[in-house]
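Trainee: I would like to go through this structure with you. Could we begin with how the helices pack?

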Amino acid sequence: MAYSDRRTRILTGLTYAALALFVVAMLMDFFYVGPERQQGEAHRIFYVHLGSFLGSFLAFGTAVVAGIAYLRSRDHKWDTLGLSAVEIGLGFATITIVTGMAWARPIWNTWWTWDPRLTSVAIMWLAYAAYMMLRTGIEDPERRRRFAAVYGIVAFASVLYTVIIIRVRPDTIHPVVAGPTQADPEGAFEVSGRIRDTLFFNLFTFAVITVVLVWHRIRLENLSERVARRKMEVLADL
Amino acid sequence: MSARGDSTTKRADVQAASARAVKVRRPVTPYWRAVGAIAWKDLRAEFRSRELINSMLLFTLMTVMVFSLALELDAEARQTTVAGVLWVTIVFAGLLGLSRSLASEKDKGSLDALLLAPIARSALFFGKMFGNLLFVLVIAFVLMVLLTVMFNITLIHPLLILLVVLGSVGFTTVGTLLSSMSVHARSRETLLPILLMPVVLPIVISAVRGSTAVLNELPSEDWMPWLQLLALADVIYIAASYALFDFVVEE
């Protein structure tokens, strides 16, 4: 099951495209969009914050789809997809939390507070960290794939909780960009004009980056499997 | 099914075929009788050995002591922290029971016999879950009496009991599902809390906030959302466990 040249070329092309998009997105964050009326320069980190959350949301959603597909078909490729998606999603979730903290320091005057949104995102991070622990804890490969698929589906409850909680709890100070909110958040702003252009461009960029990274991770997993198989063949010949 | 990818191995085909065969077999025992029989079996075994309930009760007593000594609370602080003490203790004592529930079956080899029994797999799940739920509820009510005495706050309140029951249902449902996964792990005693905590934290948060609001006699709009969230989480976790348990125990 050698990795075809054509697919490798597509992936390389996509990687360069993602890099170019990322550079343009960063230029927009720093130069196209002006300082926000109330938040000033601190506001610029918001695009990376929301973009990386979109990345983790897409990745964790992919893990659910891959989990269901694996349980139905028992095809290894779905498990590889699930593992890759969760790893990339966990990375993006970490970026979301770190950029959020950097933003909160000047705006909320604290790095961290037990706001419902912050609590739920911490729970989400822990759930997927536990997913990784589960994978290392189960030795039998078939059982590991099965349990990982099940836990990947259960853990998505924490993602839904994160998305829903700021829209139903009145005691959050976290701003909501789209949709209704019952709260009076600290640091909200109107999404219009250049802010909207920059936001949409960043979201698109991060979606592309997520796809590219997951693809790279799948390729890495397949290659390492191939190396392991070749090693066994060589050892068998000795 | 023929449209599947050609990369699937023959072994996977055989497994999938046997999984399908499992699905079409007809259980002979009525569903709820099977559920009741498994829960009753666990209770009778526990009633005879009393190994679990005794350790859970003693653990509860010690945890409450540790909390009252470590926090050194005055009357006002007790009012706001008692719900947290209640739920942290329920979760940790419940973990003891959950990790034993399936581990003992597996160690004795009786898990295979249970899986061979001509009953629906979900009946096995609900039987185990009701057994665990009963242990957790016994612990919770002993704890409520204990905290009422030691913290001098009356916890026996219909709404609080409802919150405890709803929270325990959610906790034991997802706990039974995850403990049936963690029994197969190398270090199952450490894996279960790691797997379970993030998933039950939404339940614990809702239960603690709701309980605190009820205890401080706040108006209904302060505890109602938490009660609703708790009920919603229960429904989601019961549905998810019902759908997923078959995949956890198939072998």
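This is a predicted model: local features need pLDDT of at least 70, side-chain atom pairs count only at pLDDT 80 or more; totals for chains, interfaces and linings use all residues.

Trainee: At what angle do helix 2 and helix 3 of chain A cross, and within what distance do their axes come?

Mentor: Their axes cross at roughly 160° and come within 7 Å. Angles over 145 degrees count as roughly antiparallel, and helix 2 of chain A is therefore roughly antiparallel to helix 3 of chain A.

Trainee: Is that crossing left-handed or right-handed?

Mentor: The crossing of helix 2 and helix 3 of chain A is left-handed. The residues of this contact divide into 18 nonpolar, 12 polar and 1 charged.

Trainee: What about helix 2 and helix 6 of chain A; at what angle do they cross?

Mentor: The axes of helix 2 and helix 6 of chain A cross at roughly 40° and come within 8 Å. Helix 2 of chain A is therefore oblique to helix 6 of chain A. This crossing is right-handed.

Trainee: Which residues meet there?

Mentor: On the side of helix 2 of chain A they include A:Leu50, A:Gly51, A:Leu54, A:Gly55 and A:Leu58. From helix 6 of chain A, the residues they meet include A:Leu199, A:Asn202, A:Phe206, A:Ile209 and A:Thr210. By class, the residues of the contact of helix 2 with helix 6 of chain A are 11 nonpolar, 8 polar and no charged.

Trainee: How many residues does helix 6 of chain A have, and what span does it reach?

Mentor: Helix 6 of chain A covers residues 194-237, which is 44 residues. From its first C-alpha to its last it reaches 64 Å, close to the 64 Å expected at 1.5 Å a residue.

Trainee: Which of its residues are buried?

Mentor: Among the buried residues of helix 6 of chain A are A:Thr198, A:Leu199, A:Asn202, A:Thr205, A:Phe206 and A:Arg217. As a general point, an α-helix has 3.6 residues a turn, so residues three or four places apart point the same way. The buried residues of helix 6 of chain A pack against helix 1 (5-32), helix 2 (46-73) and helix 3 (76-107) of chain A.

Trainee: Stepping back, how many helices and strands are there in chain A?

Mentor: Chain A has 6 helices and 0 strands. Its C-alpha trace spans about 70 × 35 × 30 Å along its principal axes. Of its 238 residues, 39% count as buried. Among contacts in chain A between residues at least 6 apart in sequence, 73% join residues at least 24 apart.

Trainee: And chain B, how many helices and strands?

Mentor: Chain B has 9 helices and 0 strands. Of its 251 residues, 39% count as buried. Among contacts in chain B between residues at least 6 apart in sequence, 83% join residues at least 24 apart.

Trainee: A quick check on backbone angles: what is the phi of A:Arg74?

Mentor: A:Arg74 has a positive phi of about 60° although it is not a glycine. Most residues other than glycine have a negative phi. A:Arg74 lies in the loop between helix 2 and helix 3 of chain A, and A:Arg74 counts as buried because 22 C-beta neighbours lie inside 10 Å.

Trainee: And B:Glu217, is it buried or exposed?

Mentor: B:Glu217 is exposed, with 8 other C-beta atoms within 10 Å. B:Glu217 is in the loop between helix 8 and helix 9 of chain B, and has a positive phi of about 55° although it is not a glycine.

Trainee: Last one: where is B:Leu98, and what does B:Leu98 touch?

Mentor: B:Leu98 is in helix 4 (residues 75-108) of chain B. B:Leu98 counts as buried because it has 29 C-beta neighbours inside 10 Å. Not counting residues up to four places away in sequence, B:Leu98 touches B:Asn132, B:Gly175, B:Thr176, B:Ser179 and B:Leu192.

Technical notes: Residues are numbered from 1 along each chain as its sequence is written. Chains are lettered from A and ligands numbered from 1 in the order in which they are written. Helices (H or I, at least four residues) and strands (E, at least two) are DSSP runs, numbered from the N terminus. The expected span of a helix is 1.5 Å times one less than its number of residues. A residue is buried if 20 or more other C-beta atoms lie within 10 Å of its own, exposed if 12 or fewer, and partly exposed in between; C-beta atoms are placed from the backbone. Two residues are in contact if their C-beta atoms, placed from the backbone, lie within 7 Å. Axes are lines fitted to C-alpha atoms, for helices over the stretch in contact, and angles run from 0 to 180 degrees between N-to-C directions. Angles under 35 degrees count as roughly parallel, over 145 as roughly antiparallel, 65 to 115 as roughly perpendicular and the rest as oblique. A crossing is left-handed if the near helix is turned anticlockwise from the far one by less than a right angle, and right-handed if clockwise. Ala, Val, Leu, Ile, Met, Phe, Trp, Tyr, Cys and Pro count as nonpolar, Asp, Glu, Lys and Arg as charged, and the others, Gly among them, as polar.
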